[in-house]
Amino acid sequence: MQLYMVEDAENLAKKAADVIQEIIKEKPSAVLGLATGSTPIATYQELIRRFQAGEIDFSQVTTFNLDEYFGLEPKHPQSYHTFMHNHLFNYINVAEENIHIPLGVHKDLGDVEGYCKTFEHFISYCGGIDLQLLGIGNNGHIGFNEPAEQLQAKTHLVRLSEKTLEANARFFSKKEEVPQYAITMGIQTILSAKKIVLLAQGVEKAEIIQKLFQTGITTDIPASFLKLHPDVIVIVDQAAGSLLNCNNKECC
Ligand SMILES: N[C@@H]1[C@@H](O)[C@H](O)[C@@H](COP(=O)(O)O)O[C@@H]1O
């Protein structure tokens, strides 16, 4: 993993947008894997700014999102469908038919399994993900791959951990409203991307970023599996990187 420590959230967004812009410049029909959460919002704003300035064209780009809350209709105000449209898609020229976000509503559980397989196949059909953008949960989750004894390889239904329910309660009027399950790409789905960019900002991510760089590969920290990938860039602001000893080559 290659570490970039930048001064603040603004520079983090610029650095992440640079990487995404470069990919689209090299391949206008790039397939982007996108993330939700508060961390990538500034990156999406920077991409919108660059699109409006005529610096990036998304007309041939395809997108796949990492995850979606199970049980929320796409139009629900807290769904990741709504999030992505409000924070990015409504303001750029990506074609609606090229946007793929896991569906959170299904008639029964049998449907979900079949749907997850179809989602996986569709990523392959589109040529695989060129660049996967990731945030990190404060328990080390990526997408909604929660710490557990075993991690799932492919897109699947997952029960959210207490820590995640608490962390995500801020987006809902009360914790009880946070859906208990989600559909998420699996670890192998994520690792199949050609390039991965993980973003972390703010002091509340400092501890998990320290653990990520200091421990080996463990299912207790799902993000640690990124160490198996040859092209991962971790971009942190100074607050999120504040517990790293960057003179120590092992951490970078
Ligand atoms: N499923 C998302 C993750 O993809 C995201 O990385 C995480 C961190 O969110 P934040 O950036 O708000 O800290 O939140 C959610 O749980």
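# A tour from valine 112

Select valine 112: leaving out residues up to four places away in sequence, it touches His106, Leu157 and Ile183. Touching, or being in contact, means that the C-beta atoms of two residues, placed from the backbone, lie within 7 Å.

Two notes before moving on. Residues are numbered from 1 along each chain as its sequence is written. The model is predicted: local features need pLDDT of at least 70, side-chain atom pairs count only at pLDDT 80 or more, and totals for chains, interfaces and linings use all residues.

**Stop 1: around valine 112**

Valine 112 sits in helix 4, residues 109-125. Helices (H or I, at least four residues) and strands (E, at least two) are DSSP runs, numbered from the N terminus. Valine 112 is buried, with 21 other C-beta atoms within 10 Å. A residue is buried if 20 or more other C-beta atoms lie within 10 Å of its own, exposed if 12 or fewer, and partly exposed in between; the C-beta atoms are placed from the backbone.

**Stop 2**

Switch to cartoon view. Look for an open sheet of seven strands, paired in parallel, in the order 1-10-9-6-2-3-5. Which strands stand at the edges? Strand 1 (2-6) and strand 5 (99-100) do; each has a single partner strand, so one side of each is left without a neighbour in the sheet. Two strands pair if DSSP finds at least two bridges between them. Strands of a sheet pair through backbone hydrogen bonds, either parallel or antiparallel.

Start at strand 1. Five bridges join it to strand 10, residues 232-237. Select leucine 3: its bridge partner in strand 10 is valine 234.

Move to strand 6, residues 131-134. Four bridges tie strand 6 to strand 9, residues 195-200. There, leucine 133 has valine 197 as its bridge partner. Two bridges link strand 6 to strand 2, residues 31-34. Leucine 131 of strand 6 stands opposite leucine 32.

Are the faces of strand 6 covered or uncovered? Both are covered: Leu131 and Leu133 on one side, and Gln132 and Leu134 on the other, are all buried. Strand 2 is covered on both faces too, with Val31 and Gly33 buried on one side and Leu32 and Leu34 on the other. Four bridges run from strand 2 to strand 3, residues 62-65. Leucine 34 stands opposite asparagine 65 in strand 3.

**Stop 3: the nonpolar core**

Select Ala16, Leu131, Leu134, Val197, Leu198 and Ile209. Of the 65 residues in the largest nonpolar core, these touch the most other members. Helix 1 (residues 9-26) gives the most to this core, with six residues. A nonpolar core is a set of buried Ala, Val, Leu, Ile, Met, Phe, Trp, Tyr and Cys residues joined through C-beta atoms within 7 Å. Stay on leucine 131. Beyond four places in sequence, its contacts include Ile20, Ile23, Ala30 and Val197.

**Stop 4: the ligand**

Show the ligand. Which of the 14 residues around it come nearest? They are Gly37, Ser38, Thr39, Gly135 and Gly137. A residue is near a molecule or strand if its C-beta atom, placed from the backbone, lies within 6 Å of it. Colour this shell by class: four residues are nonpolar, nine polar and one charged. Ala, Val, Leu, Ile, Met, Phe, Trp, Tyr, Cys and Pro count as nonpolar, Asp, Glu, Lys and Arg as charged, and the others, Gly among them, as polar.

**Stop 5: sites from the record**

In an unreviewed entry, UniProt lists Asp67, Asn139, His141 and Glu146 as "active site". UniProt positions are given in the numbering used here, feature names are shortened, and annotations may be inferred rather than shown by experiment.

Select aspartate 67, in strand 4 (residues 67-69). It is buried, with 23 other C-beta atoms within 10 Å. Leaving aside neighbours within four places in sequence, its contacts include Tyr80, Phe144 and Met185.

Next, glutamate 146. It lies in the loop between strand 6 and strand 7 (156-159). With 23 C-beta neighbours inside 10 Å, glutamate 146 counts as buried. Beyond four places in sequence, its contacts include His141, Val158 and Pro222.

**Last stop: tyrosine 44**

Select tyrosine 44 in helix 2, residues 41-52. It counts as buried, with 25 C-beta neighbours inside 10 Å. Setting aside residues up to four places away, tyrosine 44 touches His87 and Leu88.
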